[in-house]
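Have a look at it first, and then read along with me.

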Amino acid sequence: MFAALKHIVLLLGGFVVLAPFAVMLSYSLKSPAEIERGTGGFFGAQAPMVDEMCVARSQPDRAALDAARAASPDLTDDAILSRLDTDRREACSMRPVVFNYTKAFTEAPLMRYLLNGLIVTLSIFVIQVVVALPAAYALAKLRFWGRDAAFALVLFCLLIPVNAVALPLYLGLAKLGLTNSYAALVIPWTISAFGIFLMRQFFMGVPDDLVDAARMDGMGEFAIVWRVMLPTAIPALIAFAIFSITAHWNDYFWPRIVITGDRDLFTPPLGLREFQAGADGSLYGPMMATATIIVIPLIAAFLLAQRKFIEGIALSGMK
Amino acid sequence: MATVTLRGIRKAYKDTEILRGINLDIAEGEFVSLVGPSGCGKSTLLRIIAGLEGPTAGEVLLDGVSVSGTRAADRNLSMVFQSYALYPHLTVAENIAVPLRMRRLNRWQRLPLVGGFMGGAAARSIAADVQSAAEMLEIGPLLDRRPGEMSGGQRQRVALARALVRQPAAFLLDEPLSNLDAKLRAHTRTEITELHRKLGATFIYVTHDQVEAMTMSDRIAVMMGGQILQCDTPARIYADPCDLRVAEFVGSPRINVIPAEADSAGRIAIPGCTLPLRHGCRAALRLALRPEALFLTAHDPKLRGEVVHVENMGHEFVIQIAVAGLPSRLVLRTAMPAAIGQAVGIGFDPAQALIFDAEGRRCRDVAVTQGVAA
């Protein structure tokens, strides 16, 4: 009885979490008319639709008209015009799913945004690791004056919300003239208190003998970090990677603040805004297609890393 | 190969003193065991020799040269850990190669991927040395495995191979057998002793198991409370201990301790009889007798008691006897079985008795006086 109740609660929770994704995916497949009227089920009818903007863009010019007259001299101009019109509408008609996904790439430089997202998240993660691993190693395995105080500061930093320090960070970057650059997107996140904390907890569980053996074998302290601690900490590192990459790939707040004009520096979430201001207000389909494209890399990465990720969490929780 | 000399080593953490002035000279090629109960400071001492910890006072000399300021990595010592401490992400061959790679290759040659193209002759010599170390310990077929895929005994061998591959000045072994099961432990004991003979290197071996110390060492240093109580050959440690704690620690079953007293004439008496032994002056004493020094006898026994427990060891019986007036049971070894509940008489040769004073120090001014009636 209790087990059944538990599952019902879990199912409800799962539904609440998954519903927005289902809506996103469904909208990305449907035509504007279906989205507006709420018809077509999950996949939409996929009836060919006409892209009015495409039609408007390809008004026939005089040369095309002359060519059409020459090809069929027995028709009146009206008939020719209407036939050209039909041809155009036919050329501009496509299935909604194709419309949405091509629109996602043509309306905004989505590939560029994805590339920016990749550069920014990977740079952040790599630098975070370069900083966090030696720091965590020192906090977990070395004895030095003030170690406990340093660790207490790390814990304290975990409590500071990003938004609280956003303004001073922005001002600092602005004074350095770094706004509207990759540096502005990356630098504030390079020292991750969470990363230091997570890796420190994991390193606490690595036996001291292993570190001592490495010292006897002739390794210096940095060599121990990269050659011994890093390989043993892969599960924890993957767990951290998931947290870090998800957070910064999806971040809207910070890029919105420091990237003020240059569209070439937009990250994927900023790219989504391109569809919001549409005057006709009917670009939900492409917008949702963009959103789908943005979350796919994350979902793929998570599924690939899932087993290791859960292992990592379990390990760091055990010790 | 090197001599190891310890001069007045002290170590204190905050207020607790772990080591209280250790002096020890270890000759070249000697096998010395540091043995003692847990918490006696033996592992700390080994770590100080290794350079993994610094002493509060005193110094370590290798070949007569102080290594106080030298990093562990530069002391050219090898250490085998209780937990083996193999690198879990490397294969056996890579594990054994690590100490050589760190010494013979430069920074660039050690880089992953690209380093492989730059090693050249050095890399080939490393591979050859790894191979010969693996052959010496008969782990050739395991070279491609990872530590996680091996048994404890196999990991132990890999740890030994990693220690000996770079031919260090001395080997430090920190309870290397305590994670093995009893059968494998006896086997590996022999192997390590043979390895020592083959290499002729200096071995410093830490253990809490007196059997390991007795069977393997040239000399045993018995440690207790941060001090070396006695450092001597196994035979002398066993037969001629200078401290009651040493006598009690070494030997299984434990040595029998009987309270005794020297009267004003210096004659030594135990509850029930006076012994033909003479001590310098009047004092409370303790008499210690190895289980094999006691025998069952009906003729003129020195002590009488009742058999309370019998252990059949196959080749002998270990008999526990409760004697009225003694605080603990006496244990003796005999070839003859005895029945539980049986009243027996116990005899011993007074010359075999070890006499200790009230503080546990050995009294050597004891003379056997013939003809004094019991």
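Here are my entries, grouped by topic.

**Ground rules.** I am working with a predicted model, in which local features need pLDDT of at least 70 and side-chain atom pairs count only at pLDDT 80 or more, while totals for chains, interfaces and linings use all residues. Residues are numbered from 1 along each chain as its sequence is written, and chains are lettered from A and ligands numbered from 1 in the order in which they are written.

**Domains of chain A.** I looked up the domain assignment, whose bounds come from an automatic or database source. For chain A it lists domain 1 (1-42), domain 2 (48-94) and domain 3 (107-318). The C-alpha centres of domain 1 and domain 2 of chain A are 42 Å apart.

**Where the chains meet.** I counted contacts, meaning C-beta atoms, placed from the backbone, within 7 Å. On this count, 13 residues of chain A touch 17 residues of chain B. From chain A, α12 (208-216) and α13 (221-232) each supply at least two residues, and α12(A) gives the most, with six residues. Helices here are DSSP runs of H or I of at least four residues, and strands are E runs of at least two, numbered from the N terminus. The side of chain A that touches chain B has seven nonpolar, two polar and four charged residues. Nonpolar covers Ala, Val, Leu, Ile, Met, Phe, Trp, Tyr, Cys and Pro, charged covers Asp, Glu, Lys and Arg, and the others, Gly among them, are polar.

**Strands in chain B.** I took two strands as paired if DSSP finds at least two bridges between them. In chain B, five strands make an open antiparallel sheet in the order β15-β19-β16-β17-β18. Its edge strands are β15 (294-296) and β18 (330-334), each pairing on one side only. Inside this sheet, β16 (residues 303-312) and β17 (residues 317-323) of chain B are joined antiparallel by seven bridges, and B:Gly305 stands opposite B:Val323.

I then turned to β4 (residues 57-62) of chain B, which runs antiparallel to β1 (residues 4-13) of chain B with five bridges; B:Val4 has B:Leu62 as its bridge partner. Strand β4(B) also pairs antiparallel with β5 (residues 65-66) of chain B over two bridges, where B:Leu61 partners B:Ser66. Which residue of this hairpin takes a positive phi? I found B:Asp63, near 55°, in a hairpin with two residues between the strands.

**One residue's neighbours.** Last, I checked B:Leu172, leaving out residues up to four places away in sequence. Its contacts include B:Leu46, B:Ile49, B:Leu77 and B:Ile204.

Notes. Two residues are in contact if their C-beta atoms, placed from the backbone, lie within 7 Å.
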